[in-house]
Amino acid sequence: MEADIRKDTYRLLFPKEFQWLYELTWQMSKEIYEIRIRCAAPICVETGTGRYYAGTGQVLVKNMQNLRNVSMKEVQLWIQHLCRYSLYAFREELIQGFFTVCGGHRIGVVGQVVWGENGVENLKYISGINIRIAHEIIGCARDLLPKLFDKNRLCSTLIISPPMCGKTTLLRDLIRCISDGEYCNNPLKVGVIDERGEIAACYMGEAQHHIGIHTDVYTNCNKTDGFLRLLRSMSPQVIAMDELGEDAEIHMIEKAFFMGCSIIASAHANGIEAVLNRPLLLSLFCRNKFERVVVLDENCCFKKEVFTLQDLSGLNNSEGCNVS
């Protein structure tokens, strides 16, 4: 049943004029990260095994010869299809540069920005579309659970890796495991701040991914506002979010700790040394706000290394900060 739903939602990504591309890519869809449609360039399919291009004659090729360029008219046709033929209904999402469609797939767009008194007011002449294919790997976080709990208490944890190495996939399954009580048979209330719509991938209010039965989600909400809303209204035991990095987010995390919440978050970084060289993130470790760091291997998202505060203390050489 779920396989049929996944197939149907994947098919919906392609307008009828490009159903041939759906037919060519469906069997390899589990390996696809992105499908990029650019004006005056060939369609590009990014996979775990390499990059493919749409060639003349409705074929996919790996070399850059005899390629078929997409016209501006076709880009407009595609974005109209993804917006259900109502660009106006998606105006706010288009202004922010992305939106989520059925199935949890995220659509990124570029074009000409229209500025007004209040900042960006519109995006017109859309010339590029990036379809990020949603992937869910149920169970990929289970082996981590014993390492992230201290007795029956969940340790606040940061997940790091370079882009597109599986941070969000791992974070999502970790949320599900914690919410469903897969460790110690102790379900925890989890509040998710899904700023970019990639964790729960809510579509018309309904999560498109499995995130657990004790999970509440704020979608398309910045982390600072999301923190305040969750703390005031949902009494979470755990707050989860993707892609940490802004000053205000760091300060809000400190506030959440004072309220007794554990934090599960991700951040871009090329290894543990890179985290220790980022003052904002390092400051949280200096004050023992994060107790675990999970480092994903850039070549294999299933290869995970967990660092504790004691490990970080041995690695850290920053003056004036003693991680312990």
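A pocket here is an open set of points on a 1 Å grid over the protein atoms alone, with protein on both sides within 12 Å along at least five of seven lines, and a lining residue has an atom within 4 Å of a point. About 210 Å³ of space lies in this second largest pocket, where a volume is the space filled by probe spheres set on the points, and points are joined across faces, edges and corners. By class, its lining has five nonpolar, three polar and two charged residues. For the classes, Ala, Val, Leu, Ile, Met, Phe, Trp, Tyr, Cys and Pro count as nonpolar, Asp, Glu, Lys and Arg as charged, and the others, Gly among them, as polar.

Before I go on, a word on what we're looking at. This is a predicted model, so local features need pLDDT of at least 70 and side-chain atom pairs count only at pLDDT 80 or more, while totals for chains, interfaces and linings use all residues. Residues are numbered from 1 along each chain as its sequence is written, and side-chain values use heavy atoms, with hydrogens and water left out.

Let's stay with two of those lining residues. Asn220 is found in the loop between β12 and α7 (223-233); helices (H or I, at least four residues) and strands (E, at least two) are DSSP runs, numbered from the N terminus. Its phi is near 55°, a positive value in a residue other than glycine.

Strands β5 and β6 (residues 106-116) pair in the antiparallel sense over three bridges, and two strands count as paired if DSSP finds at least two bridges between them. The hairpin of β5 and β6 has five residues between the strands, and Gly103 in that hairpin takes a positive phi near 100°.

From β6 we carry on to β7: ten bridges join these antiparallel strands, and the hairpin between β6 and β7 runs through two residues. One of the bridge pairs is Val113 with Leu123 in β7. Also in β7 (residues 119-132) sits Tyr125, whose phi is near 50°, again positive in a residue other than glycine. Tyr125 is exposed, with a relative accessible area of 53%.

Seven strands form an open sheet in the order β4-β3-β2-β1-β7-β6-β5, with antiparallel pairing. Which strands stand at the edges? They are β4 (59-61) and β5 (98-100), each with a single partner strand, so one side of each is left without a neighbour in the sheet. From one strand to the next, the twist averages 35°, taken between N-to-C directions, from 0 to 180 degrees, of lines fitted to C-alpha atoms. Within the sheet, β1 (residues 32-38) and β2 (residues 44-47) share four antiparallel bridges, and Arg36 has Cys44 in β2 as its bridge partner.

Next, a strand with parallel partners. Strand β11 (residues 190-194) has five of its five residues buried: Val190, Val192 and Asp194 on one side, Gly191 and Ile193 on the other. Five bridges join β11 in parallel to β12 (residues 215-219), including one from Ile193 to Tyr218. With β13 (residues 238-241), β11 pairs in parallel over four bridges, and there Val192 has Ala240 as its partner.

How many cavities of 30 Å³ or more turn up? The search finds two, a cavity being a set of points where a 1.4 Å probe fits but cannot get out.

Last, the cysteines. There are zero disulfides, meaning pairs of cysteine sulfur atoms within 2.5 Å. For Cys102, the nearest cysteine sulfur, that of Cys202, is 12 Å away, and Cys102 is partly exposed at 26%. Cys261 is buried at 5% relative accessibility, and its sulfur is 15 Å from the closest cysteine sulfur, in Cys155, too far for a bond.

Definitions and conventions: Buried < 20%, exposed > 50% of the residue type's maximum accessible area, 1.4 Å probe, protein only.
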